[in-house]
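Here is a short briefing to read with the model open beside you. Take a look at the fold first, then follow the topics below.

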Amino acid sequence: NGGLAWQNLLKWFPDRAKVRIPTSEVEANGASQLRVLGRLGFFENDEVIERMIRVKLNELGTEVDPSRLSEYKRVVIVSSVAGGTGAGMLIDIAYVARRQLRRPRIYAYLLLPEVFQDVDSGGRIYQNAYACLRELAYLKDQQIPFDAEYERIPPIHVPVLGEEPFARIFLCSGDGFAGADAIKIATHQIAESILGQLQRTIQE
C-alpha cells in the first residue's frame, strides 16, 4: 500500500528536476510558502489529522450549551491562502472533515495575501492565493473532480458536479492596516464572525 500511495502522490507532486525546493529554507520555515509541501504534510499525517477531527467532533456533544449556541455541528477552518501549509492542505482537510458522522457543514475563513504583504519573506503570497482561490472557485462550481489517494485513510473521489468542499467561504483582509497590525485585526474579525455564526439567533 505504501508503494501505491507513493505512486499516487507522484501524480501531483512536482518533478524535483523542474521545481526547486530549497531544503534549508523549508527546514527553517515549515512549508516555506510551497503549497505542494503543505499538502505533502497532510499526506504524511493523514491518519492523525482525520482522527483528531473525529475526536473533536465527538466531544462537541458535551461542550455545547444549547441555550446559547447552535447544536448543529460545523467545522470552521481558519487559514491563509497565501502560504504553503494552509493553502496546500485546505481542500483535503475540508473533504475529510465533511465525510465524518452526520456530515458537518464546513466553513472556511481565509486570510488574503494583502494581510501578509508587509511581512512577506518568500515572495509567493499572491501566486499561492491565486492558485488556491481558483481551485476553490472551480470546486464550488463543481467544474472539476477531486481525487485523492492516501496511505492510511480511505480515499476521496468527488466527480464533476459532485459536492463542493465548503458550505461557505469568507475572505478576510487587513482593512488597510499593515504588518502585524493587519494580521491582528484580521484574526480578531474572524473570531467575532465565527462567534456570531454560531449564535442561535442567526442560525439558518
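Helices (H or I, at least four residues) and strands (E, at least two) are DSSP runs, numbered from the N terminus. This is a predicted model, in which local features need pLDDT of at least 70 and side-chain atom pairs count only at pLDDT 80 or more, while totals for chains, interfaces and linings use all residues. Residues are numbered from 1 along each chain as its sequence is written, and side-chain values use heavy atoms, with hydrogens and water left out.

**Helix α5**
- Helix α5 covers residues 85–98, and its 14 residues reach 20 Å from first C-alpha to last; that is close to the expected 20 Å (1.5 Å times one less than the number of residues).
- A kink of about 35° is centred on isoleucine 91, where the bend is the angle between axes fitted to the seven residues ending there and the seven starting there.
- In α5, 11 of 14 residues are buried (under 20% relative accessible area; exposed is over 50% and partly exposed in between, with a 1.4 Å probe and protein chains only).
- Among the buried residues of α5 are Met89, Ile91, Asp92 and Tyr95.

**Helix α3**
- Helix α3 is mostly covered too, with seven of its 10 residues buried; these include Arg35, Arg39 and Phe43.

**The second largest pocket**
- A pocket is an open set of points on a 1 Å grid over the protein atoms alone, where a 1.4 Å probe fits and protein lies on both sides within 12 Å along at least five of seven lines; lining residues have an atom within 4 Å of a point.
- The second largest pocket has a volume of about 450 Å³ (the space filled by probe spheres set on the points, which are joined across faces, edges and corners).
- Of its 21 lining residues, Trp12, Arg39, Asp92, Phe146 and Asp147 are the closest to the centre.
- At least two lining residues come from each of α1 (2–10), α3 (35–44), α5, α6 (125–140) and β3 (146–148), and α5 gives the largest share, five residues.

**Loops with positive phi**
- Arginine 103, in the loop between α5 and β2 (105–111), has a positive phi of about 45° although it is not a glycine, and is partly exposed at 43% relative accessibility.
- Leucine 161 lies in the loop between β4 (156–158) and β5 (168–172); its phi is near 65°, and it is exposed at 67%.

**Cysteines**
- The whole structure has zero disulfides (pairs of cysteine sulfur atoms within 2.5 Å).
- Cysteine 132 is buried at 1% relative accessible area, and cysteine 172 is buried at 11%.
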